[in-house]
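This report looks at how aromatic rings pair up in a protein chain. Please view the sequence and the structure before reading on.

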Amino acid sequence: MSASYSPSIPLIQNDPTRVADFYRTTLLDDIAPFWLRHSPDRAEGGYFTCLNRDGSRMQDDKSIWFQGRMGWMFARLALAYPEHPSRPQWAEAARLGVEFLERHGFDTDGRMFYSTTRDGRPLRKRRYLFSECFAVIAYAAYGELSGHHRWIARAEELLDLILHYRDTPSLVEPKTNPETRPMNGLSLPMILLVTAQELRRSGGDKAKCNQLIEDSIAKISTFMHPGMQCVLEITGTNGEFLDTLDGRCLNPGHALEAGWFILEEARHRGNAPRLQTLGLQIIDWSLELGWDKEFGGILYFRDAKGLPCTEYWHDMKFWWPQNEAILAALYAYRATGNPVYADWHDRIAQWAFTHFADPEKGEWYGYLHRDGSISTPVKGTMYKGFFHLPRMLMLGDTLCRSIATT
């Protein structure tokens, strides 16, 4: 089974407004209706995410990650398109997510679960702080949308808990023995950066958010390795290169996310040169490393030294790295006007929409083989839901219209 849909996306250098229209139409006429139709649980609250190609449910268990991510996404849609006829339904869907989190997302220690049953009974809890980060952005956006400041206060309270756990290593069981091999990971500072940006955007404490943003960017920079021109996923605690399978593993999608988060911060600060240079360097390295020169698309993993990858899905094409690469190219193009980034955008977007989009049933497939053929037709899992793709389309709409006016 393979996808053959070719949407003929306009070239951004020719007409950025037409690209913006394409993204907006795809978001509002395809992606958002698919999830609004199939995902909200109006009986128990929250969202189903494990969906077959046609949107039918494959299980009722719920991802706590996605109660937060989708709560944020529905709230942001309602804020971004206030005149759209579906705005009341988006706002109601956002409420379902944040209220499910409040009722069922938390353990007695204040930490959050990773998954629950449909009615909210806990199934699994993980050592990572990502459920909490996604809840912060959901609470913040819903607080902004609803006008109820208590949700923003709740987001700030939860962020304090995240930072307490981050800064008290003894509270979280380490992945490996820190006395034998102390390590740091890129994921947490990268996610904390955008978490603080979203909380600040919705009215959270600006001084506290700005400090966390600055700290997170400084931390991200320690994962950059100029000698190998890459952004590492794991380093020693002081940024040391670890010549192991884990230490050499690169995740271009994560690095590209970090890059455009930093460019967004540069823009927020009046095109701050230091941040713009940093974000562009990350994006340049990661596009070059991530792009599959034989088949096209962004690969999932690479090895920093060019050695064979050992993760069995290393050469698959997942949906979300394509989304982050498209956004990174757009942010870089808006920041610089360099046609190299326009070319990157057009190349990645055309490949992604041609191979991932499902013109018959709607939405995107999530998982392709390296050559672009479909690995599984599912539209949603515990990891794929209403987040990366609609975020890309919503921000892409905004970015392209901004580019059109410059």
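The sections below cover the model, its ring pairs and the charges over rings.

## The model

The model is predicted: local features need pLDDT of at least 70, side-chain atom pairs count only at pLDDT 80 or more, and totals for chains, interfaces and linings use all residues. Residues are numbered from 1 along each chain as its sequence is written, and side-chain values use heavy atoms, with hydrogens and water left out.

## Ring pairs

Rings of Phe, Tyr and Trp (its six-membered ring) pair if their centres lie within 6.5 Å; planes under 30 degrees apart count as stacked, over 60 as edge-to-face and the rest as tilted. By this rule there are 30 aromatic pairs.

In one of them, the ring centres of Phe74 and Phe386 are 4.7 Å apart and the planes meet at 35°, so the pair is tilted. Phe74 belongs to helix α2 (residues 64-80) and Phe386 to the loop between β12 (374-376) and α13 (388-404), so the pair ties together parts 312 residues apart in sequence. Helices (H or I, at least four residues) and strands (E, at least two) are DSSP runs, numbered from the N terminus.

## Burial and a second pair

Buried means under 20% relative accessible area, exposed over 50%, and partly exposed in between (1.4 Å probe, protein chains only). Phe74 has 0% relative accessibility and counts as buried; Phe386, at 0%, is buried as well.

Tyr300 and Phe301 form an edge-to-face pair, with 4.8 Å from centre to centre and 80° between the planes. Both Tyr300 and Phe301 are buried.

## Cluster and charges

Trp65, Trp72, Tyr114, Tyr128, Phe130, Phe134, Tyr383 and Phe387 are linked into a cluster by ring pairs.

A charge sits over a ring if NZ of Lys or CZ of Arg is within 6 Å of the ring centre and within 35 degrees of the ring normal. The charged end of Arg69 sits over the ring of Phe134, 4.4 Å from its centre, and that of Arg126 sits over the ring of Tyr114, 5.1 Å from its centre.
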